[in-house]
Every structure is written in structure tokens, then in C-alpha cells.
Amino acid sequence: MDDAIKIDLLPSENISYILDTNVLIHDPNAIFNFEEHRVMVPMTVLEELDKLKTGKLTIAADCRQAIRQIDNIVGNSTPEEIDQGVPIPRGDNDSHMGCMSILTSSPASNLSYLPSNINDNKIINDICQWQALHPNEKAVLVTKDINMRLKARGCGLQAEDYENDKLVTDVELLNKGYIEVEGSFWDLIENVDTSQLDGETHHLLERTGVLTDVYPNTFVIDDQGFVGRAIEVTDTHVTLLHLNHDRLMHQEAWGLHPQDIYQAIAMHLLLDPDVHLVNLTGSAGSGKTILALAAAIEMTVANKLYRRIIATRSTQGLDEDIGFLPGTEAEKMEPWLGAITDNLEALHSDDESTHGSVDYILDKVPLHFKSLNYIRGRSFQHSLIIIDESQNLTPHQIKTIITRAGKGSKVICLGNLAQIDTPYLGATSSGLTYMTERFKDFSHGGNVKLQGVPRSLLAEFAESHL
């Protein structure tokens, strides 16, 4: 049985998966993820992809890629071959390669379960007709649209979500970037080999017990003030870098000090030039943006580690609205990136003239506001890229953005998995969740789930009671 859909069916049963438009937009390579089974693309879906394929929007690029994948499979096949199913090439010798066909309306049947005035209903009606003509095969509609799944089930069809890129079933199981130990961490350790290297204390420990789920750049924190960072992880052993708790809490990035140990370890990763990818998650007001911005300015202006800061964000409606806003790209992006300027003001709130300080920083710091639509295809060298609201990105989109990072660049992803505004995405299918799970073994990446709501007492109460 394939990984994309989890249905309890007999292995010998013929299954045909019919893909909705939103599945191909979510993952243009979805056709290849159904192993030995038949994949069907309705003609209505091809028409929707055709309408959405033009322009510079992210969705248009995804549509074009999905169309190219379909064309590469179908190629010059005859109508009869397409109806029977064209084998899906996979680049291996697996005989169970699966096949793909185009689902069209059948004139041989007048079955119509739903009014055909909208495309979703047309697709469901076509599947019902196909199922009536092929009673010995199992048809499964795959769509990210919950309401469409409900309508399909109401018509007697089997309908499921696309789950191939869901790596965790519950975001609570997601790696937080640290392990908290009650009491003393050393009470749980039987054997340790401690050494000094270049003024640093390293502890070599067996990867058992509390350290079983430790990954590179995971922190170990206990109630006694011990903080360790995993700098090397093998199947059997973990090397922890011993960090000074007080020194962590007194770190400074552009005048900003951490408010708790979680912000401290986040700042530690942000300021480390050897960590090329950092993603910070947490509730509203936990300090994600201000930490990232302070560290970015520190590393760009003070330390000269990067040439420029590129700030962007994923926001529902941004693709459609930015073209109608007046001004340059930076001016168009400014309303969407108000969180950046808000936090610039917070960093200089104690200055005699906050407005003057912000203008001075914006003039001095090479800070560029970029739209996600214009990042595709570019390469950013020696840049620090901040992606705000990254929980609204699909796994395919977040891959597209991260691969833009060129030599000497660092990517910081910020997001709150409890506030997803994009249709067809949930906490477990978000690109931020996907990236966190995929990169947990990356020695040059790290993530921290921030705790608390230090923004204000009002924000803290609202977060817990509303």
C-alpha cells in the first residue's frame, strides 16, 4: 500500500486515485507518490490548471510544473493508451510502476448526482460515472478540500486527504529543539567522557535514555542550570557542548537581551554563523520576529557576516493584492511586513527619537523587502533571509525558497503553527512542520519552539483564555 493514502484495502484490489486540482498545486509531483496504482487526472482539473498557469504568482509556477509532469508521462500516447493507463516512469526497475490516465465525462451514462454548475461537482459526477462503468475497481478521490470530500462521500465515493508529505500525525510530537530534564541532568547519566578543546568543554555520552531523541543542535536543559548543545550525534553517542547559563542569558544582539532560556538558546543559534538554517516557532508574542531581526542586524551591521537582510513573508492574499498596491516592490511589501518595522521600533524604543533611529537603521542597514512571487528562480549570495509567517507555506513552496540561499547565506524561518491562514493546509501538512522534521538530522540547522508570551500581560492572558 502506498504512503500517500492510508486506507485498509486488500493488496490485490485495483485502486484508482483521482487527483483534485489543489493536490497538484500543493505538490506538483504528487502523481509519482501512489506506487503501483492508477492515477487519474480529470479533464476539469486540466482546465483549472490551464486557467491558473499564467503569471508570476507562486500558484502559477506550481500549475506549470504539474502540467509539465503530466505531459512528460502522457507524451505522444494514443487516446486508447491514455484510456488504458500510461506507465509512470520512475527511473528504476520496479515492475509495479503504476499508470496514469485522463478522466473524461462518459457519454454512455447519464448519471448525475450533483448540479454541474461548479467544477467540484463536475469532478464528482465524472467519478461516479466512471465507477458505475468499472464496478470491479475502487475509485478514491484525493483532495485537500474538506467540503469536497464530504460531498463525494455523500455520493457514495471514497474520498481522502493527500497525506504523502505529512511526516508527523501530531505537531506535539515535533522536535522542539530542546529536551527539558526535571532535577539534575547528571543524575540520569552513568558514563561520561569530558574533554577540553579550544577552551570549550565537551561531554561524550551514550545516546540512550533521555538522549535517545537528541539530534544535531538540540539543547539539553535541566532545573539546576545546566545547558548543553548537541554538536555531534551518531547512532550510539552524543557530544554535548557545555554552555554557561549566565553567559547565555547575558547575550546581546543589537541591544536585545533574551527574556528566558528558550530565547537565549534561540539567540545562540541565530548568532552562530555555522548554523545556516534556523526555524523559530511559538505562539504570538513569544519573540520570534524581534529575536531574528536583532540577530540579523547584529550580524549584518556590526559583524559584517552578511551583506544584506532579505525579509519576506507568506500571507494569504499577498499573491493577488501586491500587484494593485502603489509604489515600488519595497513599498508594496511594507504593509505586509509591518512586523519588521514594528520590531525595529521596539529595539529603539529607549532612544531619544525612536522614529529617527528607525529611519537611520533602515537607511544604514541593507534591508530589502521581497515578495515571494519574485524570489523563485533567484539566488541570494551572502544574505540573511528572514521568512515570516512560514507556517502558511506548502512543503513544495518552502523547498523553493530555501533553495534560493546561495553561498554564505543563512535562512531564518518564523511561524506559529496555531495560526495557519492558507486553505488546504493544517498544522501537520504545513511546510514549516515538514521542514522541521526533514532537517532534524542536518548538522548545520536548528530549531527552537519558544515558550511563554512576554509581549504583555494582556497578550499572555488572551493567548491562554481566548
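**Figure 1. Phe 34 is buried, with a relative accessible area of 0%.** Tyr 162 is buried too, and its relative accessible area is 0%. (Buried stands for under 20% relative accessible area, exposed for over 50%, and partly exposed for what lies in between, using a 1.4 Å probe and protein chains only.) Please keep in mind that this is a predicted model: local features need pLDDT of at least 70, side-chain atom pairs count only at pLDDT 80 or more, and totals for chains, interfaces and linings use all residues. Residues are numbered from 1 along each chain as its sequence is written, and side-chain values use heavy atoms, leaving out hydrogens and water. Together with Tyr 17, the residues Phe 34 and Tyr 162 form one aromatic cluster. How many aromatic pairs does the structure hold? There are seven aromatic pairs, where rings of Phe, Tyr and Trp (its six-membered ring) pair if their centres lie within 6.5 Å, with planes under 30 degrees apart called stacked, over 60 edge-to-face and the rest tilted. One of them joins Phe 34 and Tyr 162: this pair is tilted, at 6.3 Å centre to centre and 45° between the planes. The two partners are 128 residues apart and link distant parts of the chain: Phe 34 sits in the loop between helix H1 (21-26) and strand E2 (38-42), and Tyr 162 in the loop between strand E6 (158-160) and strand E7 (178-181). (Helices, H or I with at least four residues, and strands, E with at least two, are DSSP runs numbered from the N terminus.)

**Figure 2. Phe 439 and Phe 442 form an edge-to-face aromatic pair.** Their ring centres are 5.6 Å apart, and the angle between the planes is 80°.

**Figure 3. Arg 207 lies over the face of Tyr 215.** The distance from the ring centre is 5.6 Å. (A charge sits over a ring if NZ of Lys or CZ of Arg is within 6 Å of the ring centre and within 35 degrees of the ring normal.)

**Figure 4. Strands E8 and E9 form a hairpin.** Strand E8 (residues 192-197) and strand E9 (residues 200-206) run antiparallel and are joined by six bridges. Two residues lie between the strands, and Asp 198 in the turn has a positive phi of about 55°. E9 is also joined to strand E12 (residues 237-243) by five bridges, and these two run antiparallel. Here His 202 stands opposite Leu 241 in E12.

**Figure 5. Six strands make an open sheet with mixed pairing.** What is the order of the strands? It reads E3-E4-E2-E1-E5-E6. Strand E3 (86-87) and E6 stand at the edges with a single partner strand each, so one side of each is left without a neighbour in the sheet. Strand E5 (residues 138-142) pairs with E6 in the parallel sense over three bridges, and Val 140 stands opposite Gln 158 in E6.

**Figure 6. Helices H2 and H5 lie across strands of this sheet.** Helix H2 (residues 43-52) lies across strand E1 (15-19), E2 and strand E4 (99-103), and runs at about 60° to E2. Helix H5 (residues 119-133) lies across E1, E2, E4 and E5, at about 165° to E5. (Contact means heavy atoms within 4.5 Å; axes are lines fitted to C-alpha atoms, for helices over the stretch in contact, and angles run from 0 to 180 degrees between N-to-C directions.)

**Figure 7. Trp 254 and Tyr 424 each have a positive phi although neither is a glycine.** For Trp 254 the phi is about 55°. This residue lies in the loop between helix H7 (245-249) and helix H8 (261-270), and counts as partly exposed at 22% relative accessibility. For Tyr 424 the phi is about 75°. Where is Tyr 424? Look in the loop between strand E17 (410-415) and helix H15 (431-438). Tyr 424 is partly exposed, with a relative accessible area of 42%.

Terms used. Pairing = 2+ DSSP bridges.
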